[in-house]
Amino acid sequence: MKWLHKDLLDVSQLSESEVMAIFETAGRFQELNERPVKKVPTLRGRSVVLFFAEPSTRTKTSFDVAAKRLSADAFSLAKSSSSLVKGETLKDTALTLQAMAPDAIVLRHWCSGAARFLADRLDCSIINAGDGRHAHPTQALLDSFTLHQEWGSLRGKTILILGDVAHSRVARSNVILLNKLGAKVRLCAPRTLLPPAVKSWPVKVYSDLTEAAKKVDAVMCLRLQLERQQDGLLPDLREYSRTYGLGAHHIEKANPDVKILHPGPLNRGVEISSELADCTDSLVLDQVSSGVVVRMALLFLYMTRKGDAQE
Ligand code: NCD
């Protein structure tokens, strides 16, 4: 498939068949990750900048691993070691990076819209690795890929997204992608952690967790985004954990083999119990492995969109 997009800003840009092409490509890279030597020359001579202006463990490491397994040169830049801390604007930092001619910049930034801002101004591909509370397309793609691997298809499945929806880019991108792939989406959160726009989203909203979890096929827990919350939204953290922290008793009426997901980093005992985070139906670590192959697929598709590379 010839890849037509220059940038990945959110999953709303992708058609269902493009998502399937990403999954097929990621599936082929899975075999590579099982070999003793996990490296192919596919992106040799190409370079990608990993520009993370917000903390990250999984996303940054998996992009780095993905680039290296495809033999691309990956260069990392963090906010603390960049000239952003000296007052340089995002645009000037990005133009400086572009002058070094990378094929792509993977950007994480605290501002919603930061990825689009750069995409409109730079010639290289911009891959959004999370912008404020707006979007996290690569996370949504790896979440759906993980479920797709489990079930073969998401069509007709019911998925509950639980927790701090208001401040979560993971929730926003997942609502769009899960609907696109034919799943039914439920949300459960206290009213203060739901965005006003939720009324127009294609979801069913619940305030009671046991009710929300009835007959679901998967529960996706969200971390409380304390770094994005205003004071006063959560008067009592212990009360929140008691009511909205996922425990085994909440999923007694869920479908058998209900899958448990969490994008990480997870706060055990706050949004999820350790018992569920570590249970046999937990896909938390599968999500991490999917992250590597989905990001390999994305780097491959976006960095070779002008042709001339072999998988
Ligand atoms: C998510 C993020 O950064 O938005 N984490 C991730 O990419 N694995 C979720 C979170 O930080 O809560």
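Predicted model: local features only at pLDDT ≥ 70, side-chain atom pairs only at ≥ 80, totals over all residues.

**A first bridge**

**Entry 1: around strand β1**

I then looked at how the strands on either side of that bridge run. β1 and strand β3 (residues 104-109) are parallel, and five bridges join them. β1 is also joined to strand β2 (residues 73-78), by six bridges, and these two run parallel as well. For one example I picked F52, whose bridge partner in β2 is A78.

I reminded myself that strands of a sheet pair through backbone hydrogen bonds, in either a parallel or an antiparallel way.

How does the chain get from β1 to β2? Together with helix α2 (residues 58-69), β1 and β2 make a right-handed β-α-β unit.

**Entry 2: is β1 buried or exposed?**

I checked the residues of strand β1 (residues 47-52), and six of the six are buried, so the strand is largely enclosed by the rest of the structure. Next I sorted them by side. In a regular strand, side chains alternate between the two faces of the sheet. On one side of β1 I noted S47, V49 and F51, and on the other V48, L50 and F52; all are buried, so to speak of cover, both faces have it.

**Entry 3: the sheet of four strands**

Now I put β1 in its sheet. This open sheet has the order β2-β1-β3-β4, and its pairing is parallel. Its edge strands are β2 and β4 (125-131), each of which pairs on one side only. From one strand to the next, the twist averages 15°.

I also followed the link between β3 and β4: five bridges join them, and they run parallel. In that link, L107 has N128 in β4 as its bridge partner.

**Entry 4: the sheet of five strands**

Which strands make up the other open sheet I wrote down? Five strands form it in the order β7-β6-β5-β8-β9, with parallel pairing. At the edges I found β7 (204-206) and β9 (259-261), each pairing on one side only. Neighbouring strands here are turned by 20° against each other on average, with direction ignored.

Strand β8 (residues 218-221) pairs with β9 in the parallel sense over three bridges. V219 has I260 in β9 as its bridge partner. Helix α5 (residues 137-151) packs on this sheet and touches β5 (158-162), β8 and β9; the direction of α5 makes about 165° with that of β9.

**Entry 5: aromatic rings**

How many aromatic pairs does the structure hold? I noted four. One of them is F23 with F145, an edge-to-face pair at 5.5 Å centre to centre, with 70° between the planes. This pair links distant parts of the chain: F23 is in helix α1 (residues 16-32), F145 is in helix α5, and they are 122 residues apart. Both F23 and F145 are buried.

Why is the pair of F29 and F300 edge-to-face? Their ring centres are 6.2 Å apart and their planes are at 75°, so the pair counts as edge-to-face. Again distant parts of the chain are linked: F29 is in helix α1 and F300 in helix α10 (residues 284-303), 271 residues apart. F29 counts as buried, at 4% relative accessibility. F300 is buried too, with a relative accessible area of 9%.

Key. Residues numbered from 1 in each chain as written. Heavy atoms only, no water. Pairing = 2+ DSSP bridges. Axes fitted to C-alpha atoms, helices over the stretch in contact; angles between N-to-C directions. Contact = heavy atoms within 4.5 Å. Buried < 20%, exposed > 50% of the residue type's maximum accessible area, 1.4 Å probe, protein only. Right-handed = clockwise from strand over helix to strand, strands pointing away. Phe/Tyr/Trp six-rings, centres within 6.5 Å; stacked < 30°, edge-to-face > 60°.
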